[in-house]
Amino acid sequence: MNINTFILTKNDCYRAGRKIRPQGIVVHSTGVNQKKMSVFLNSWNKSGVDTCVHAFIGLRADGKEGVVQTLPWTMRSWGVGSGKYGSYNNSHIQFEICEDALKDKVYFDCVFDLAAQLCAFLCRSYAIPIDGIVSHAEAHKKGYASNHADCDHWLKKFGKTMNDFRAEVKRMTDIQTTVEHMIEDGVTTEENRESWEQFLSGKAPMNPDYVRAIFDRYHERKG
Ligand SMILES: [Zn+2]
């Protein structure tokens, strides 16, 4: 997946520079009708802001949905507050999904798909178990976050739950692992990673000629 970078170096959280060993992921949504990530990136990239997360998902400057990393993945974020047992800020990678008016199914599907891809990438990178992925609302119920409803309230509008989301992350993880093995084995190359992930997840139609060409090349190389 394609991840842009805009590290919030002027945010006090970045300046504090504390480290974590990622053991889980907290999925947030912003709670305001504002799809443009730039609005948050600009207003959070300064001193005196008491919140900061590792990434945003929403509209990029070009008007397309995308992912922007805003803190190094192993830096401690200020995303979830604390609950009766402590805070997942000490152990979890956290990201915000920019909300719209919560009525647009196309936008919903797109940003939660990117969220699942991001979670799959992070779970693979840091050996995070998929059941270590929670929403802010779930983190509160477990006693490690302030009392917020995100992002379950948004999922519910479209008949989904965090269990559905975790199942989708599992599916993405399996696809990403498969493509990883294909690259390692020389069946395909890094530049075709995205296409293969699209094929295998059913987001792009499998083109038989393309697949045959790839296997012809593979067999030629293997001799
Ligand atoms: Zn939240």
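Me: Which residue is the bridge partner of Ile-25 in β6?
Reply: Ile-133 is the partner of Ile-25 there. Keep in mind that this is a predicted model.

Me: And what does Val-26 pair with in β6?
Reply: Val-26 has Val-134 as its bridge partner in β6.

Me: How many bridges join β2 to β6, and do they run parallel or antiparallel?
Reply: Three bridges, and the two strands run parallel. β2 covers residues 24–29.

Me: What about β2 and β5, how many bridges there?
Reply: Six bridges, again in the parallel sense.

Me: Is β2 buried or exposed?
Reply: Buried. Six of the six residues of β2 are buried, so the strand is largely enclosed by the rest of the structure.

Me: Which residues point which way from β2?
Reply: Gly-24, Val-26 and His-28 point one way, while Ile-25, Val-27 and Ser-29 point the other way.

Me: Zooming out, what's the strand order in the sheet?
Reply: The order is β1-β4-β3-β5-β2-β6, an open sheet of six strands with mixed pairing. At the edges are β1 (3–5) and β6 (133–135); each has a single partner strand, so one side of each is left without a neighbour in the sheet.

Me: Which strands does helix α2 touch?
Reply: Helix α2 (residues 37–44) packs on the sheet and touches β3 (55–59) and β4 (65–69). The direction of α2 makes about 140° with that of β3.

Me: Switching to helices: at what angle do α6 and α7 pack?
Reply: About 135°, and their axes are 10 Å apart.

Me: Which residues make the contact?
Reply: From α6, Ile-175, Gln-176, Thr-178, Val-179, Met-182 and Ile-183; from α7, Arg-193, Trp-196, Glu-197 and Leu-200. The residues of this contact divide into six nonpolar, two polar and two charged.

Me: Why does Thr-177 count as exposed?
Reply: Because 12 other C-beta atoms lie within 10 Å of Thr-177, and a residue with 12 or fewer counts as exposed.

Me: What separation is there between the C-alpha atoms of Thr-177 and Lys-35?
Reply: They are separated by 31 Å, with the two residues 142 apart along the chain.

Me: What phi does Leu-102 have?
Reply: Leu-102 has a positive phi of about 65°, although it is not a glycine. Leu-102 lies in the loop between β5 (92–97) and α3 (105–126), and counts as partly exposed with 14 C-beta neighbours inside 10 Å.

Me: And Ala-127, what's the phi there?
Reply: Ala-127 has a positive phi too, about 50°, and is not a glycine. Ala-127 is in the loop between α3 and β6.

Me: Why is Ala-127 called exposed?
Reply: Because Ala-127 has 9 C-beta neighbours inside 10 Å.

Key
Residues are numbered from 1 along each chain as its sequence is written. This is a predicted model: local features need pLDDT of at least 70, side-chain atom pairs count only at pLDDT 80 or more; totals for chains, interfaces and linings use all residues. A residue is buried if 20 or more other C-beta atoms lie within 10 Å of its own, exposed if 12 or fewer, and partly exposed in between; C-beta atoms are placed from the backbone. Two strands pair if DSSP finds at least two bridges between them. Helices (H or I, at least four residues) and strands (E, at least two) are DSSP runs, numbered from the N terminus. Two residues are in contact if their C-beta atoms, placed from the backbone, lie within 7 Å. Axes are lines fitted to C-alpha atoms, for helices over the stretch in contact, and angles run from 0 to 180 degrees between N-to-C directions. Ala, Val, Leu, Ile, Met, Phe, Trp, Tyr, Cys and Pro count as nonpolar, Asp, Glu, Lys and Arg as charged, and the others, Gly among them, as polar.
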